[in-house]
Amino acid sequence: CTNDLEVQPIDPNEATATNVFKDEASYKEALAKIYATYAISGQVGGGGGAPDIQGIDENFGNYLRQYWGLQELPTDEAIMAWDDATIKNFHWQTWAPNDVFIAALYSRIFYTVTTANEFIRTTNAAIANASGTFKTELENYQAEARFLRAFSYWHAIDMFGNVPFVTEDDLPGAFSPERISRADLFTYVEKELIDLSTKLAEPKTNEYGRVDRVSAWMLLAKLYQNSTVYTGVDRNTDALTYLNKVINEGGYTFDPNYKRMFSADNDTSPEIIFPITFDGLNTQQYGGMTFVLHASNGGGMPLNGIDGGWGGIRTIKELVSKFNITESDFSAAAPEFVGADTRGMFYFNPDNWQWEVTNVGTFTNGIGVTKFKNLKADGSEAPNAHPAFVSTDFPVFRLSDAYLMYAESVVRGGAGGDVATAVGYVNQIRERAYGDNSGDITAGDLTLDFLLNERARELYWECHRRTDLIRFGKFTGGDYLWTWKGNNQTGSASESYRDLYPIPSNDLLANPNLIQNDGY
Amino acid sequence: QEKVVTGTVTDANDGMGIPGVSVVVKGTTIGTTTNIDGHYTLSVDASATIIYSFVGYRPQEIAVGNQSQINVILSIETENLSEVVVIGYGQVKKSDATGSVTAVGEDDFNKGAITSPQSLIVGKTAGVVVTTNSGEPGAGATIRIRGGSSLKATNDPLIVLDGFPLDNSGLDGLANPLSTINPNDIASMTILKDASATAIYGSRASNGVIIITTKKGVKKGLNISYNGNVSVGEVKKYTDVFNGNEFRTLVKDRVDNYGLTDFALTRLGSENTDWQDKIYRTSVSTDHNVSVFGNVMNTPFRASVGHTIENGVLKDSGIDRTTMSINATPSFFDDQLKVNFNVKGMYIDNNFSNTDAIGSAFEFDPTQAVRNGNTTYGGYTAWVDLAEADQLNGAPINIATHNPLARLAYRDNTSTVKRMISNIQFDYKIPYIPNLRANLNLGYDYSKSDGDDNTDSRASWSYREPEQNIKNYDRKNQNTLLDFYLNYTKEFGEHKIDATAGYGWQHFQREGSNYNRTIEETNGTPNIEKTTAFKNENYLVSFFGRVNYTFMDRYLLTATLRDDGSSRFSKDNRWGLFPAAAFAWKINEESFLKNVKQVSNLKMRLGYGITGQQDISDNYYPYIPVYRQSEAGAYYQFGNQFYSTLRPNPYDADIKWEETTTYNAGIDFGFFNDRITGSFDIYKRKTKDLISEIPIAAGTNFSNFLTTNVGSLENNGYEITVNYHIISNSDMSWEIGANLTHNKNEITSLSNIKSEDNNSGYDLGGISGGVGNNVMFNTVGHSANTFYLFKQVYDQNGMPIEGLYNDKTKLGGNVAGNNDNKYLMKNPTPDYLIGITSKFSYKNWDFSFAGRLSLDNYVYNNNDSNRALYQNLYNQSGYLANLPKSVLKTNFTTAQYWSDFYLENASFFRMDNITLGYSFDKIMAHKISGRISATVQNAFVITDYSGLDPEVDGGIDNNIYPRPRTFMLGVNLNF
């Protein structure tokens with residue numbers, strides 16, 4: 001019988017596109033997938049199979065893991081000991097266009113974009129036929145999907161510049177997407193976000209884990225603040241417009257407990273505007289925060305709720321010195337020295353660690369970082385604790401960042417803010433760090449150099465550093481050298497074209513519309 | 001008119017009397033048997049006809065007439081395979097075969113303790129490369145016929161068991177699906193190599209077809225046969241690592257002279273433990289097979305039972321297998337309806353032991369004792385995290401090497417697999433239409449496995465994912481077949497036609513589930529559990545036909561056509577048409593050669609055909625947009641709830657068949673009354689619309705890679721087989737055989753990748769060490785799986801200089817940081833493979849051996865590249881690890897994965913088996929005949945390769961379960 005050849009999936013976990021959305025709840029699950037693209041590598045927990053992207057080990061191919069790596073490893077905040085493929089090239093700033101990790105993040109960005117496009121198409125059709133609260137829900141879902149697409153496109157603007165451009169109008173199939181310039185993509189994302197800034201849920205009215213319009217304001221501010229880099233046009237005034245909204249209308253409040261924002265109960269922090277959520281039992285992943293916590297542990301560091309370290313990432317003296325901490329502050333008896341600025345959470349045991357990184361491959365060359373913990377802020381066991389998988393959420397946007405951005409846009413001459421308010425915001429952050437006003441600054445201290453350092457102190461290991469260093473002109477070149485920059489222990493200058501990552505060679509081959517970024 | 005007839009029945013071969021010959025008057029039950037000397041006496045009527053028959057001999061009928069003494073010479077039944085070969089949906093006289101077909105019969109099978117069919121033909125046939133995956137009991141094997149014709153789709157040949165095409169997909173818990181079939185039940189294995197022979201199997205024929213035919217009953221009598229053996233296996237060689245004292249010296253040296261932290265010294269122990277010696281054993285295995293065959297109630301039948309206990313050299317590993325097979329071939333309505341009924345059953349208990357112990361034994365610190373008195377880890381020494389105060393019982397270092405003996409003791413990895421393959425074939429001569437037959441074949445293949453993979457809570461590696469500690473899984477595969485064809489034969493004058501046309505329907509279904517959980521708490525419930533399940537199916541529907549036309553018994557023409565529909569493709573691409581044609585010319589039948597005595601056989605063959613490939617591993621709906629639900633553990637949090645997610649899967653609406661076109665030219669020859677026989681084949685195989693998983697333009701589908709039709713590749717090669725009967729007389733016989741295989745594989749296009757760019761292509765060949773590290777590259781103009789590495793630079797003393805490579809791009813700087821400096825090098829497939837066999841017999845003694853010479857197969861020594869590094873000596877988290885001593889050949893500190901230093905020419909000669917046998921008959925009151933034999937399997941290997949074994953499936957050598965050397969004593973008894 002030849003009719004037998006017409007098959008449909010019989011797997012209980014699979015459904016065809018035509019029948020999957022018969023159930024209204026399916027839309028929320030499809031929306032959850034777009035959020036989950038940042039956190040999880042596939043459809044089976046713990047990297048156990050069915051990965052979203054190929055060509056790389058499933059756990060390495062996790063969005064946040066690669067985003068973290070590409071934002072932090074090439075900077076003065078982190079250095080990697082491992083031998084996986086070209087992973088050391090990041091800190092050395094010697095990566096090449098066929099780098100598998102760069103390709104992975106690039107693929108991840110477009111995976112999220114394509115998945116969001118599909119969802120927008122699907123909800124377009126559904127909204128037309130829906131009514132009542134279900135219709136409102138669908139509209140909210142769609143707005144969030146558009147936000148997440150804009151968020152990923154922002155990563156593309158920031159890291160790759162001129163990339164392929166696809167929207168919900170491009171159906172899946174064999175075609176070559178058009179190339180869009182960095183500035184044009186900026187304009188597209190800006191337009192999307194302005195539209196979404198009134199379409200997304202009212203501030204603080206959405207469920208935890210889902211974005212509201214404050215995230216759109218925050219992302220707009222980020223675009224504008226980096227606009228000089230992205231488009232050559234200074235937009236600090238526009239940045240201040242949206243930062244004022246975030247700070248004054250957003251409803252998110254300053255968390256008095258700095259540590260809580262990096263602990264397993266950080267979902268209770270009032271400061272986090274947009275988290276990527278993780279859970280030891282339900283959101284299991286060897287990428288994401290599981291990676292950040294495990295890869296940064298080893299050499300006798302306290303486990304802080306995980307089962308053991310992988311001995312990969314640690315920091316270098318350049319970051320530690322920003323806290324006025326030196327090697328002699330540490331001792332075998334007190335390897336977790338904390339200075340006056342309590343944000344500096346480092347580990348150094350002189351018995352088996354070495355301050356200078358003579359060997360990049362040796363984890364215990366350098367200084368351990370204990371900022372993120374898989375314990376509650378009070379030190380008790382994490383919710384849904386699991387030894388291998390962490391429950392700590394990743395704070396994508398938080399209020400302190402907005403405070404520091406405000407101060408920076410003011411210093412950079414943006415209209416709509418003032419120095420006194422800026423100093424107030426900075427001191428609020430510093431008083432939390434010092435426990436008193438001993439670390440306060442005055443208006444005279446509020447310089448760009450100070451702000452770059454303050455951003456490192458407040459936001460280190462939160463995926464801001466590469467973007468920040470580029471905006472301040474210190475990422476490449478010889479203005480600022482740090483250990484092993486340029487594949488040299490004392491640091492050497494690197495080529496300025498590395499401010500952008502290359503378009504991965506695979507996509508250049510697959511899509512003739514693309515052009516490699518200058519220098520590569 | 002009653003009279004007494006006497007006489008002697010003798011053997012045509014040696015002239016000796018044959019005892020026990022049945023001497024029966026035709027059409028009656030009157031008769032007798034011959035005595036010990038072969039004499040008989042029988043009273044018969046002069047008009048009677050006497051039938052003389054004996055198992056294994058061709059029966060004779062003689063009319064009595066006026067004779068009173070009738071001496072009969074019986075000759076051995078030569079229904080041997082040199083005369084008839086099975087082909088798809090039928091059989092053909094070997095001399096009439098037009099395609100490239102090789103049959104290996106029972107006599108030519110490899111000898112020894114063989115538990116799986118593919119081992120029977122290792123090295124026996126040109127063009128067939130069989131590589132066992134390891135020395136593990138029941139291990140799988142890779143079979144390649146004339147190289148691989150695909151990239152992502154399977155390269156395995158189609159296996160047809162007694163007319164039943166088997167499902168190629170594996171079954172978790174059963175390393176080798178072929179091991180279902182007891183080699184003792186196999187009568188022959190026929191390998192169809194070129195498209196003219198395989199095209200009748202259409203979409204599954206691109207990688208050749210292996211037809212396995214099992215033994216059948218006989219027309220007369222009742223016989224019992226026993227085959228048994230006991231074998232002893234031993235590991236031939238260990239990896240050369242540092243012993244305890246050497247290790248202490250090495251660590252001290254690295255501390256004193258190379259800046260290793262002196263903290264490492266505090267982690268050293270005082271023992272001398274040879275870990276490899278502790279995990280291996282000398283294994284003893286047994287195999288028993290009993291078969292009963294004959295004819296009961298006019299039904300020829302054969303029934304057999306086999307029981308195999310194969311123990312592995314790694315402690316605890318082994319299989320315990322029981323097989324059962326029944327074949328019956330009754331006929332009805334005066335032979336008008338013939339029935340062939342087969343059922344084969346298998347029950348196997350696998351103990352996989354814990355092969356992780358092998359790698360651990362290379363690495364675990366030799367200065368540590370097996371046990372150190374801890375209580376957390378059951379006493380087995382384990383590395384404890386530096387942060388722990390209690391360095392005996394504290395939390396373990398997860399990334400450390402775990403105690404090899406704890407590996408063995410604390411993991412229980414077993415499975416039970418049941419399989420039943422049955423088919424019934426009706427062959428019916430259509431009444432009133434002479435020479436027309438109808439054939440119906442119904443088959444059902446059911447396999448089920450149940451496995452447990454449990455880790456004791458005392459295991460130092462069990463802390464990481466406790467829900468992985470208790471794992472149960474089950475799998476079920478079903479394969480249902482319906483084949484129907486009509487066959488018509490006709491001879492008229494010099495013309496002969498044999499035509500077949502048929503329809504085939506086959507359904508495959510696979511399902512399974514996994515249940516993982518933490519060890520049950522005291523109240524019986526685990527605190528974390530996770531269940532996953534899968535299910536899929538696919539269908540194949542086919543129409544096929546074949547015409548064989550013979551003219552003057554000299555010119556043979558075969559044409560076949562198959563139209564296959566596969567459920568894997570959309571309506572527009574679903575059907576594939578696969579034609580083939582072949583021509584053969586029996587030159588020796590021509591008048592100019594007929595009288596040339598030296599030439600006993602000479603046949604030329606030409607073949608052409610197109611075959612297909614639709615078996616994309618693990619992808620059953622590649623053209624359908626499918627959403628996949630996420631499983632527990634991959635949920636996402638909204639509010640306080642965790643949601644399963646729905647993901648669109650990538651798909652290619654236009655995906656279609658792969659197509660392989662094969663050209664084959666061959667000559668079969670026999671000289672000097674077939675004292676020298678052989679064949680020569682040369683072929684070209686071109687595959688287009690290759691199915692591969694390749695990177696696609698970002699933003700166009702729901703992944704960055706897509707399984708799609710991308711390019712083409714070619715296999716070119718030739719094969720030579722020669723057999724020489726050096727001595728052949730009644731006392732002594734010596735036959736040697738050799739076959740040579742040469743195949744060259746080349747990717748000719750990867751269509752959506754620009755071919756002018758020599759960097760285009762994609763990485764593959766993942767290695768141990770780091771993650772995402774690949775050492776191979778598939779690109780146009782090179783063979784698939786070509787190694788892609790840096791060229792190592794050496795110093796004056798010939799030592800490799802760490803991290804220094806040939807600067808191919810001439811750009812300077814960090815050569816190792818630029819992939820463009822990699823070179824395309826050799827590949828793992830041997831350029832030449834030569835199989836050699838010798839069979840010698842003198843009177844009752846026989847002596848044979850079989851070996852293989854593999855030339856220019858390259859192996860990447862991943863054991864060394866990943867382990868022989870000084871940096872591995874001490875890990876910052878506080879543990880020491882042993883290194884292979886080959887580190888002294890490089891003195892590398894850090895990993896140099898892409899150094900071509902690690903790529904070695906692993907050419908080898910392996911003596912697969914040597915057998916000495918003694919045959920006897922007429923013992924025990926002349927009732928029993930048989931043979932006893934002694935065999936050494938895997939006797940020796942000659943190679944320059946530095947690793948343990950040069951035969952590495954896939955060419956990347958890491959952590960392989962060693963192939964043991966096996967000594968076997970075997971007994972065969974026939975009652």
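Here is a friendly conversation about a predicted model with chains A and B.

Colleague: Let's start where the chains meet. How many residues of chain B are in contact with chain A, and which element gives the largest share of that side?

Modeller: On the chain B side, 87 residues are in contact with 101 residues of chain A. Several strands of chain B give two or more residues to that side, among them β26 (495-517), β27 (529-551) and β28 (555-566). The largest share is 9 residues, and the element that provides it is β27(B).

Colleague: Which strands make up the open sheet of 3 strands, and in what order?

Modeller: Begin with β1 (residues 14-16) of chain A, which is joined to β31(B) by 3 antiparallel bridges; in that pairing, A15(A) stands opposite Y627(B). β31(B) is also joined to β34(B), again by 3 bridges and antiparallel, with R628(B) opposite R647(B). The order of the open sheet is therefore β1(A)-β31(B)-β34(B).

Colleague: Which are the edge strands of that sheet, and what is the average twist from one strand to the next?

Modeller: β1 of chain A and β34 of chain B each pair on one side only, which makes them the edge strands. From one strand to the next, the twist averages 30°.

Colleague: Let's move on to chain B by itself. How is chain B divided, and what distance separates the centres of domain 1 and domain 2?

Modeller: Domain 1 of chain B covers 2-74, and domain 2 covers 84-222. Taken over C-alpha atoms, the distance between the two centres is 41 Å.

Colleague: What is the order of the open sheet of 4 strands in chain B, and which strands are at its edges?

Modeller: One pairing in this sheet is that of β2 (residues 22-25) with β5 (residues 49-53) of chain B, which are antiparallel and joined by 4 bridges. Within that pairing, V23(B) has Y52(B) as its bridge partner. The whole order is β3-β2-β5-β6 in chain B, with antiparallel pairing. The edge strands, each pairing on one side only, are β3 (31-33) and β6 (60-63) of chain B.

Colleague: Is β16 of chain B mostly covered or uncovered, and which strands pair with it?

Modeller: Strand β16 (residues 209-214) of chain B is mostly covered, with 5 of its 6 residues buried. A parallel pairing of 4 bridges links it to β13 (residues 158-161) of chain B, where L158(B) has V209(B) as its bridge partner. An antiparallel pairing of 6 bridges brings in β15 (residues 186-192) of chain B, and there S188(B) stands opposite T213(B).

Colleague: Now for a helix in chain A. How far does α5 reach, and how many of its residues are buried?

Modeller: Helix α5 (residues 132-159) of chain A has 28 residues and reaches 41 Å from its first C-alpha to its last, close to the 40 Å expected. After it comes G161(A), with a positive phi near 75°. As for burial, α5(A) is mostly covered, and the number of buried residues is 20 of 28.

Colleague: Is T37(A) buried or exposed, and which residues is it in contact with beyond its sequence neighbours?

Modeller: T37(A) is found in helix α1 (residues 25-39) of chain A. It has 29 C-beta neighbours inside 10 Å, and the cut-off for burial is 20 or more, so T37(A) counts as buried. Leaving aside neighbours within four places in sequence, its contacts are D52(A), Y63(A), Y111(A), T112(A) and T115(A).

Colleague: Where does F333(B) lie, and is it buried or exposed?

Modeller: Most residues other than glycine have a negative phi. F333(B) is not a glycine, yet its phi is positive, about 50°. It lies in the loop between β21 (331-332) and β22 (337-351) of chain B. Because it has 10 other C-beta atoms within 10 Å, and 12 or fewer is the cut-off, F333(B) is exposed.

Methods
Residues are numbered from 1 along each chain as its sequence is written. Chains are lettered from A and ligands numbered from 1 in the order in which they are written. This is a predicted model: local features need pLDDT of at least 70, side-chain atom pairs count only at pLDDT 80 or more; totals for chains, interfaces and linings use all residues. Two residues are in contact if their C-beta atoms, placed from the backbone, lie within 7 Å. Two strands pair if DSSP finds at least two bridges between them. Domain bounds come from an automatic or database domain assignment. The expected span of a helix is 1.5 Å times one less than its number of residues. Axes are lines fitted to C-alpha atoms, for helices over the stretch in contact, and angles run from 0 to 180 degrees between N-to-C directions.
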